[in-house]
Amino acid sequence: MRREEIDTVRVLWQEMPGEFTATLAFGVGARDEDVDQLGITHLVTRHLLLSLLAEPDTTAGLLETSFTLSGEPTRVGEDLGELAALVAAADLSGLVLTAQQLDATDRATDLDLDVDDAVRDPWASLLARRLGPTGPGLLRWPVVDPHRLTADEARAHLARWFTAGNAVLTCTGPPPAGLRLPLPAGPRAAHVTGPSGGPAGPAWYADEVVAPGIAVTATAGPQAFLLLRVFGTRVDALLERAGVKAWSTEWSTPVGGDRLELGLSLHLRGRNRHRDSAVAARILWQELLRLAAEEPTPTELATVVTRFTRPPAEDPQLRDGLERLGVLAAAEHAHAQAPLAEAGHQELFDVYDEFGDAQASAASRLGPADVRAAAASWLPSALLVVPVGVGVALDGMTRAGCPVGSFTPQGELLRPSLARRLRGAKDGLVLGDDACHLVAADGTVHSFPMGDIMLVQRRGETLLGNIRHGCLVDVSGFTGVDKLVTRVPPRRHRIAHD
């Protein structure tokens with residue numbers, strides 16, 4: 001792999017067969033946005049593309065924003081130069097028009113969120129619970145109405161993040177002759193570090209999520225890679241054995257320094273979701289406990305490493321599936337380019353959200369005792385979420401709830417609707433000047449200060465959130481709940497498009 005520098009932008013390239021491809025990536029993503037500017041990276045990149053004659057493949061993800069161009073090298077070089085010039089001197093006069101054309105449903109796709117319901121996704125809930133309104137903890141919340149974002153905010157966002165020092169160009173061949181990348185000067189960006197820790201000891205909580213999920217705070221490296229892959233494989237097998245119709249998604253989310261939030265979120269199918277959620281939660285916790293107490297077999301570890309490093313064409317089961325989908329060639333191409341992409345990630349980030357060849361190679365030198373020791377070390381940080389109304393008894397886990405009080409402030413009282421009362425609800429919602437308060441039947445009061453509030457409306461339901469707690473509660477069944485729209489700050493009223 002060769003290294004160059006063009007206009008102070010780091011360039012990595014390697015001769016590879018096939019069409020010439022270049023990717024200009026910036027170290028900025030959704031984790032770098034403010035809770036009141038969520039979606040600004042997406043808006044800015046879409047606006048830039050409207051002025052670009054080329055049509056690059058664009059991703060505005062959790063960690064990075066990238067533009068990929070393929071074709072004849074000279075033409076790709078011209079398009080890259082035009083893109084860099086647009087970043088350096090963006091015309092933001094038409095930002096309102098871009099906002100009108102923006103499809104809010106694109107965000108979950110662009111962030112590569114493998115979820116059916118972003119607002120109620122268990123992994124998004126776990127991150128919000130652990131990190132609050134910082135870094136990846138922002139992923140739970142829908143984007144701000146793009147019409148509320150201003151040209152000055154977009155200009156400041158470009159100036160901070162879209163700089164030469166915060167960019168890297170990777171190419172599948174020598175950079176085009178005469179290539180210029182006139183990006184604004186600036187350093188590699190520093191990212192907000194999420195708060196460390198969480199509940200004292202392993203804990204679980206209930207939230208408005210579609211299924212259970214579990215996370216531990218881990219250290220990036222080969223132990224994390226092996227533990228996650230062994231854990232996911234075991235959980236999938238146990239769910240099938242228990243008759244739970246579900247699949248799991250493995251997550252490795254950087255939260256600052258060398259820390260990761262590592263774990264699984266589940267996706268349930270079928271009608272018995274409450275029963276299946278309780279069974280699945282027990283499987284998640286018990287299997288994590290077992291990994292902390294018992295060493296996995298050498299065969300399990302070898303299988304994980306081989307599966308990760310083997311090209312798709314050499315894995316018969318994977319090959320058959322990719323052929324049925326008609327994407328085998330694309331998967332093979334992506335596998336071949338993986339080392340180049342990984343090298344680019346290493347230039348931009350200390351820790352990335354995907355495991356690469358370096359971790360897999362190091363993992364092959366670890367043994368079962370290393371995995372058990374890592375699981376035991378990270379076990380005290382375990383945090384598990386279950387859907388509201390699901391009862392679980394998890395030995396060794398304490399229940400963690402949001403802070404509540406017993407004093408009900410003055411304000412307008414909204415009572416549960418008849419339908420809500422018929423379901424047994426005896427709670428109330430108090431709308432105050434500086435906060436909203438959910439009063440439970442036992443008299444406990446869960447407060448939502450206006451500085452921490454989030455109002456999410458979607459599919460005919462209304463959800464009230466506290467961004468500091470990371471929680472959501474369903475308040476749809478209160479008479480007059482639409483009055484909340486006029487009480488919350490305008491940017492905290494979000495319309496979710498799942």
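Trainee: What is the mean pLDDT of the chain?
Mentor: In this predicted model, local features need pLDDT of at least 70, side-chain atom pairs count only at pLDDT 80 or more, and totals for chains, interfaces and linings use all residues. Residues are numbered from 1 along each chain as its sequence is written, and side-chain values use heavy atoms, with hydrogens and water left out. The pLDDT is the predictor's confidence in each residue, from 0 to 100. In the chain, 90% of residues reach 70 or more, and the mean is 89.

Trainee: Which element has the lowest mean pLDDT?
Mentor: Helices (H or I, at least four residues) and strands (E, at least two) are DSSP runs, numbered from the N terminus. Strand 6 (residues 167-171) has the highest mean, 98. The lowest, 51, belongs to helix 4 (residues 106-110).

Trainee: In what order do the six strands of the open sheet lie?
Mentor: Two strands pair if DSSP finds at least two bridges between them. Strand 9 (246-256) and strand 12 (398-399) are the edge strands, each pairing on one side only. Strand 9 pairs with strand 10 (residues 259-268) in the antiparallel sense over 10 bridges. The pairing in the sheet is mixed, and the order is 9-10-8-11-7-12.

Trainee: Which helix lies across strand 8, strand 9 and strand 10?
Mentor: Its angle is taken between axes, which are lines fitted to C-alpha atoms, for helices over the stretch in contact (heavy atoms within 4.5 Å). Angles run from 0 to 180 degrees between N-to-C directions. The element running at about 15° to strand 10 is helix 7 (residues 222-241).

Trainee: Is Thr 217 buried or exposed?
Mentor: Buried means under 20% relative accessible area, exposed over 50%, and partly exposed in between (1.4 Å probe, protein chains only). Thr 217 is found in strand 8. Because its relative accessible area is 15%, Thr 217 is buried.

Trainee: With which side chain does the side chain of Thr 217 make a polar contact?
Mentor: A polar contact is a pair of N or O atoms within 3.5 Å; within protein, one must be able to donate a hydrogen and the other to accept it, and residues adjacent in sequence count only if both atoms are side-chain atoms. Leaving aside neighbours within four places in sequence, Thr 217 is in contact with several residues, including Arg 259, Leu 260 and Trp 378. The polar contact, at 3.5 Å, is with the side chain of Arg 130.
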